[in-house]
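These notes are meant to be read with the model open beside them. Please follow each point on the structure as you go.

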Amino acid sequence: MNLEFVGLPAVLRTTGRVTVGHWSWRRDGAVRPHAHAEAHFMFVTGGRFRTTAARANELVASPLIFNPPGTFHADAFESDRGAFFTVTIAAELLSESKVRAVAAQLDGIRERALVRRLMREYAEWDADSPEITEALCRELLDGERSAAAPPRWLSKAEELLRRTVSVTDVSRETGVHPTHLIRTFRRFHGCTPAEFARAHRLEHAAQLLARTRQPLAEVALASGFADQSHFTKHFHRAFGVAPGKYRAALR
């Protein structure tokens, strides 16, 4: 598989048809336009990132990009340091799935949750991991499961949760019963409202670790966690590495 990414991976894991890796990057000159023979997903976990391949949503701090095979693009970090997780897919597996035709930034909550599950599997690799990784990859390629249109109040609930508003308060603000709120979130996004809010806080924390020198305790509080211990536990579970080691890898 062609793995010409600009960065230094700690280790690459492969099933033969899917290869995953978490890469660190530091500014060392311009990134030349290039293409990859295989399709890949790229999830930015630290630093300010730009790509010419897909229309970017600048409101998303940690973008998830999909590039089909042969996509010609020039990626660049606008910060001195950065980090990203990649999922590279062999043609054989791609042909068995619903192929995405164009490069795109994917802002769906379900897709981002699937990538975080791939990151956890990558960090805890064992004999079952190849099968699990390929199954998660198939879900990523096939996109959203629900064909029904989401209710209008769902986007408002998402925005409130990004502000670390509690599920009880979101229920009151949207006029939706908490049970219905949780069931609808799981139907459209594959996670609960609380899990969505935590994932948003963790992505914010990863950006702080990459872009600042704030002590870990301050990063924890700034990201909405009760304390450093609570933050460390959830960060390790989501990113497969402790916050301190994650920051050290970038530096």
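1. Strand S3, residues 39–46, is mostly covered in this predicted model. Eight of the eight residues in S3 are buried.

2. Which strand pairs with S3 over seven bridges? The partner is strand S7, residues 81–89, and the two strands run in the antiparallel sense. Two of the pairs can be picked out by name. Ala-39 has Ile-89 in S7 as its bridge partner, and Phe-41 has Val-87 in S7.

3. S7 is itself well covered. Eight of its nine residues are buried, so S7 is largely enclosed by the rest of the structure.

4. S3 also pairs with strand S5, residues 64–67. This pairing is antiparallel too and is made of four bridges.

5. Pro-63 is found in the loop between strand S4, residues 49–51, and S5. Is Pro-63 buried or exposed? Its relative accessibility is 7%, and because buried means under 20%, Pro-63 counts as buried. Its contacts, leaving out residues up to four places away in sequence, are Met-42, Phe-43, Val-44, Phe-49, Gln-105 and Arg-112. For Phe-49, the separation from Pro-63 is 14 residues in sequence and 8.0 Å in space, taken from C-alpha to C-alpha.

6. Turning to the helices, H2 covers residues 109–123 and H9 covers residues 228–239. The two pack at an angle of about 90°, and their axes are 6 Å apart. H2 and H9 are therefore roughly perpendicular to each other. On the H2 side the meeting residues are Arg-116, Met-119 and Arg-120, and on the H9 side they are Arg-237, Ala-238 and Phe-239. The residues of this contact divide into three nonpolar, three charged and no polar.

7. Ser-171 sits in helix H5, which spans residues 167–174. With a relative accessible area of 9%, Ser-171 is buried. What does Ser-171 touch, residues up to four places away in sequence not counted? The answer is Val-176, His-177, Pro-178 and Leu-181.

8. How many disulfides does a search of the whole structure find? It finds zero. A disulfide is a covalent bond between the sulfur atoms of two cysteines. Cys-137 is buried, with a relative accessible area of 0%. Cys-191 also counts as buried, at 6% relative accessibility.

9. Last, some totals for the protein chain. Its secondary structure comes to ten helices and eight strands. Of its 251 residues, 48% are buried. Among contacts with a separation of 6 or more, 74% are between residues 24 or more positions apart.

Methods. Residues are numbered from 1 along each chain as its sequence is written. This is a predicted model: local features need pLDDT of at least 70, side-chain atom pairs count only at pLDDT 80 or more; totals for chains, interfaces and linings use all residues. Side-chain values use heavy atoms; hydrogens and water are left out. Axes are lines fitted to C-alpha atoms, for helices over the stretch in contact, and angles run from 0 to 180 degrees between N-to-C directions. Angles under 35 degrees count as roughly parallel, over 145 as roughly antiparallel, 65 to 115 as roughly perpendicular and the rest as oblique. Contact means heavy atoms within 4.5 Å. Ala, Val, Leu, Ile, Met, Phe, Trp, Tyr, Cys and Pro count as nonpolar, Asp, Glu, Lys and Arg as charged, and the others, Gly among them, as polar. A disulfide is a pair of cysteine sulfur atoms within 2.5 Å. Buried means under 20% relative accessible area, exposed over 50%, partly exposed in between (1.4 Å probe, protein chains only). Two strands pair if DSSP finds at least two bridges between them.
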